[in-house]
Amino acid sequence: MARTRRDGAGGIRSLVAELNARGEAIDADLQAHYGLSLGDVFTGRLSLRRLGSLLRNLPLDGTAQWRQIRRDRPKGTGKPVPPPDDFWTPDRDLLAAVVDGLRILAWQNTEDGHEGRNIPEPLPRPGFEKPEAPAPVDPRVARRRLAEMAGRSGGRPDDPGADQVDEPQRTEDAES
């Protein structure tokens, strides 16, 4: 994936850095996807410019380079490198929706499903962050807000009929 070096430089320097870091994986990808080899650069069959172009346009996953990048974890972390956002394609989104649907179907047949609790989380998708849980509200503040709202509507919060709606009165004009 010879897109650019980490310092932002591009061109031949970036390509050479990628070849030094992942030469075997690049050679394997060239053979698998294009029927070429790194040796073709030295025979003149493949220019450095074309090599860079081919590497930039390899698929985002399923390549030897991608697998190597995922295995080379950033220093100080135990987590693999996350895929770029354009890794998430419409077919992957559809597959995730199918998996989410199957998980819901299976959950509905459990005791939790019958009680409506512990709903399975959907698979994470790029660009959609899990919303934070709302901060707990102090019951005294909630009662005061309810009282204010009831005061604006003309009812009292302790009035048992305050939440009931009166039926509109019929007039003789409306019936004719």
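Reader: In what order do the elements of the chain run from the N terminus on?
Author: This is a predicted model, where local features need pLDDT of at least 70, side-chain atom pairs count only at pLDDT 80 or more, and totals for chains, interfaces and linings use all residues. Residues are numbered from 1 along each chain as its sequence is written, and side-chain values use heavy atoms, leaving out hydrogens and water. Helices (H or I, at least four residues) and strands (E, at least two) are DSSP runs, numbered from the N terminus. The chain has eight helices and zero strands, and the order is α-α-α-α-α-α-α-α.

Reader: What share of the 176 residues in the chain is buried?
Author: Buried means under 20% relative accessible area, exposed over 50%, partly exposed in between (1.4 Å probe, protein chains only). For the 176 residues of the chain, the buried share is 20%.

Reader: How are helix 1 and helix 4 oriented to each other?
Author: Axes are lines fitted to C-alpha atoms, for helices over the stretch in contact, and angles run from 0 to 180 degrees between N-to-C directions. The axes of helix 1 (residues 11-34) and helix 4 (residues 64-71) come within 7 Å and cross at roughly 135°. Angles under 35 degrees count as roughly parallel, over 145 as roughly antiparallel, 65 to 115 as roughly perpendicular and the rest as oblique. Helix 1 and helix 4 are therefore oblique.

Reader: Which residues of helix 4 meet helix 1?
Author: Contact means heavy atoms within 4.5 Å. The helix 1 side includes Glu-18, Arg-22 and Asp-29. From helix 4 come Ala-64, Gln-65, Gln-68 and Ile-69.

Reader: Where do the buried residues of helix 3 lie around the axis, and what covers them?
Author: Helix 3 (residues 48-56) buries Leu-51, Gly-52, Leu-54 and Leu-55. They cover an arc of only 165° (taken from the directions from the helix axis to the C-beta atoms), so they sit on the same side of helix 3. Their cover includes helix 1, helix 2 (39-43) and helix 4.

Reader: Which backbone nitrogen does the side chain of Asp-100 reach?
Author: Asp-100 is in helix 5 (residues 90-108), and counts as buried because its relative accessibility is 13%. Leaving aside neighbours within four places in sequence, Asp-100 is in contact with Pro-122, Leu-123 and Arg-125. At 2.9 Å, its side chain reaches the backbone nitrogen of Leu-123.

Reader: Is Gln-108 buried or partly exposed?
Author: Gln-108 is also placed in helix 5. Not counting residues up to four places away in sequence, Gln-108 touches Gly-113 and His-114. Its relative accessibility is 39%, so Gln-108 counts as partly exposed.

Conventions:
A polar contact is a pair of N or O atoms within 3.5 Å; within protein, one must be able to donate a hydrogen and the other to accept it, and residues adjacent in sequence count only if both atoms are side-chain atoms.
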